[in-house]
Amino acid sequence: MTEHTIAVGTDLEDVESFRLRARAWLADNMPRLTPDEDGSMEAAFQRGDAIWPRARELQRLLYDGGFAGICFPKEYGGQGLTPAHQRAFNSECAGYEMPLVLNTPTFSICGATILDMASEEQKRQHLPAVIRGDEILVQFLSEPRGGSDLAGVTTRATRDGDVFILNGSKIWSSGAYAADYALCLTRTDWDAPKHRGMTMFLLKVHQPGIDIKRIKQINGNNEFCQEFFDDVVVPASAVVGEVNGGWAVASRQLFHERNAVGGGSPYVSGGGGPPRRGPGTAALIEAVQGVGLADDVYVRELVAEAHALSRVQQQLIARVTEGMRTQQLPPPAAAILRLFGGQAATRIAEINLEVLGSQAVVGDQDHDLEYGRGFLMRQAGSLGGGSTEMARNIISERVLGMPREFAADRDVPFSQVRQGR
Amino acid sequence: MDFDLTADQKLFRATTREFLEKEMPLTRVRELASSGIGFESDWWKRGSELGWNAMTVDPAAGGDSISGEGLVDTCIVAEEMGRLVSPGPLLGTNLVAAALSGAASAADHAEVIAALMAGEAVASWAVYEPRHGWAPLAPEVQASPDGSGYVVTGVKDRVDSGDQADYFLVTAAAPDGLVQVIVPVAASGVTVTRQHSLDLVRRYARVDLDGVVVPGTDVVRPGGSAESAVNRQIQTAVALQCAETTGAIERVFEFTVQWAFDRYSFGRPLASYQALKHRFADMKLWLEACQATAGAAAHAAAQQADDADELASVAKSYVGQRATDLIQDCVQLHGGIGVTWEHDIHLYLRRATVNRAMFGTPSEHRRRLADILGI
């Protein structure tokens, strides 16, 4: 593993001068959102599948302006700058239409994993294309048989000369229908214990043998997909890392995922902050004032609580990121951010419903039900990116050093592991 | 604790920790509690020699910080004191010394400031009034103009270290607005009555001010100019209080995790049960989040950042609640021993409970936050 270290050099452009340059460039080049236009990703998804080609165009604009891939190294098409530059850039992006949909998983999870774990040739093939907006990436990790027990994957890759043949199914892959390549975790050795028989591929998404179905969620979003593999042919050159060494790649990917979902990724560009479900506190304050509840002491306290949680989340991200960077916290501490994100989202969804009450569930326009729908999707924040139960296991076992949970499949050849009753 | 301490700050932390562990271990705290003593003046003086009361003082008035952010440096002391539930007037003395040295009248207070820095005198922030919650900007204590000074009448209570303080920083209502004055305990008309406190060594008192004559040289903020000063004092109080509370929960969490490894039930350590591991994970989250928000509030206050008022209330509303949640959960995980006088955990629970309730409850700070946000 050639773990990539983010730039800390001294010959870099000063952060403040970079900020001013970004501010001027954004003003001259990026499309502005109108005052009543919501720049969030949730709002973008409501505009439908066109979000993806639009994101490619916007990313290309950023690339041409020298503001794409700020924390990716220069040799792979990035800017080779630091997280401080990225934060400065993010804070300048308010009010502009940005390709936020490319942040996760393309940049923050898949791109980051390729940078850390892929071969030189793979990095040169994929990363510049990703940073230009030409290549969108997706994760093929979870399977219908279960999400938390990731290392139990049963999608089969069988070697046949210079190629592998894939059969099986993957699920919960966001935006797979619009993606170009996937990091796909498969099983290649069924006689080895489960962690030692997997192989990761950089798989072309649109090719013969792959059938993609879209999954509709309770808020109407249909970005999630399920893929079915029927004798898909993959060249051996698409293996990331070692054959049967896929778990090392997946582990790195999970680290980046926890970091991204928790809001600590330096590769998230354009909006900053963690992904959030439903509108932020400013919008809630406006909504509360709009329905004449701003003088109610109980409502005021709840809104303040939601705001405080958002601030504490930002502060926690800064702290844990610094702790991991300086090795005062181990990398699994990213699970702390993931857990806070899930809990904060839950509480805020609860507050939104409590504060707006009946006006969140019945209204003149569909738009009035936004907070009600946010509540229906409340648990998504504790599921996507790894469940909060898994995050708690990780924190207790790998941050606090408590004993690992018993696993019936440990050190057992995978072919002998029970897969159901 | 901050993950970005400088080498000098780390050295200072080590020195302070060593001093406290040697001079004020929990056994000594219990002795003080049972002998009815809050803190010993001689001990306080020796601690002050380490610089405990000089770092929040304006450099022009003789202050000297380690990092340039004196309040952040003082929070290191507060955290260490929280780890050992130390007695002592750290918060009040620093808050008052900073308030005096930051006033236009600082030169008038030079002697008091010097005595506070040296630990020879103790000061307290007299901010609560009987039958009122947290209303630092709405005092009923009255200040009537009297020459270049005031005559002050009214009652303050829940005054931190009130029975051992030499000076009180008093906010009062004058005809032309809010004022702040420094009142020596020896002044005529001042009566101090000790109150009962949930904390065993942090003591409080009621201070009756009956026509106390305050000369012009003891006026800190004259008519109408006290409001922004009080807001800064809230920032300082919350930063030091939250730092102390996070120090306390850091220590409680440490010994409770250790307990989970050492204690066996059904032939396995408590730390091996998933139901308990998940609770420890939640507690680790609360601990890190408390440290993050307490640290951010301290930095914002030290830098006088635009959002310093906001971050003070964010920190207090979060830390106040989560610290007591964490300690109560640790009591539960200890089992019956956790609710005995013999076990030290109640010393921490007492401190965290008093800190949660004093200088604004979480709920009071959420209401203040709503005001700040302009809801």
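Tutor: Domain bounds come from an automatic or database domain assignment. For chain B, the assignment gives domain 1 (7-118), domain 2 (123-221) and domain 3 (227-373). This is a predicted model, in which local features need pLDDT of at least 70 and side-chain atom pairs count only at pLDDT 80 or more, whereas totals for chains, interfaces and linings use all residues. Residues are numbered from 1 along each chain as its sequence is written, and chains are lettered from A and ligands numbered from 1 in the order in which they are written.

Student: How many residues of domain 1 of chain B are in contact with domain 3 of chain B?

Tutor: Two residues are in contact if their C-beta atoms, placed from the backbone, lie within 7 Å. By that criterion, 22 residues of domain 1 of chain B meet 24 residues of domain 3 of chain B. The C-alpha centres of these two domains are 21 Å apart.

Student: Which element gives the largest share of the side of domain 1 of chain B that touches domain 3 of chain B?

Tutor: Helices (H or I, at least four residues) and strands (E, at least two) are DSSP runs, numbered from the N terminus. Here α4(B) provides the largest share, 11 residues. At least two residues each come from α2 (26-35), α4 (70-83) and α5 (90-101) of chain B.

Student: What does the contact between chain A and chain B comprise?

Tutor: Chain A contributes 33 residues and chain B 30 residues. On the side of chain A, α9(A) gives the most, with 17 residues. The residues of this side of chain A comprise 19 nonpolar, 6 polar and 8 charged.

Student: How many bridges join β2 and β3 of chain A?

Tutor: Two strands pair if DSSP finds at least two bridges between them. In chain A, 5 bridges link β2 (residues 156-160) to β3 (residues 163-174), and the strands run antiparallel. A:Ala157 has A:Leu166 in β3(A) as its bridge partner. The two strands form a hairpin with 2 residues between them, and A:Gly161 in the turn has a positive phi of about 65 degrees.

Notes: Nonpolar A, V, L, I, M, F, W, Y, C, P; charged D, E, K, R; others polar.
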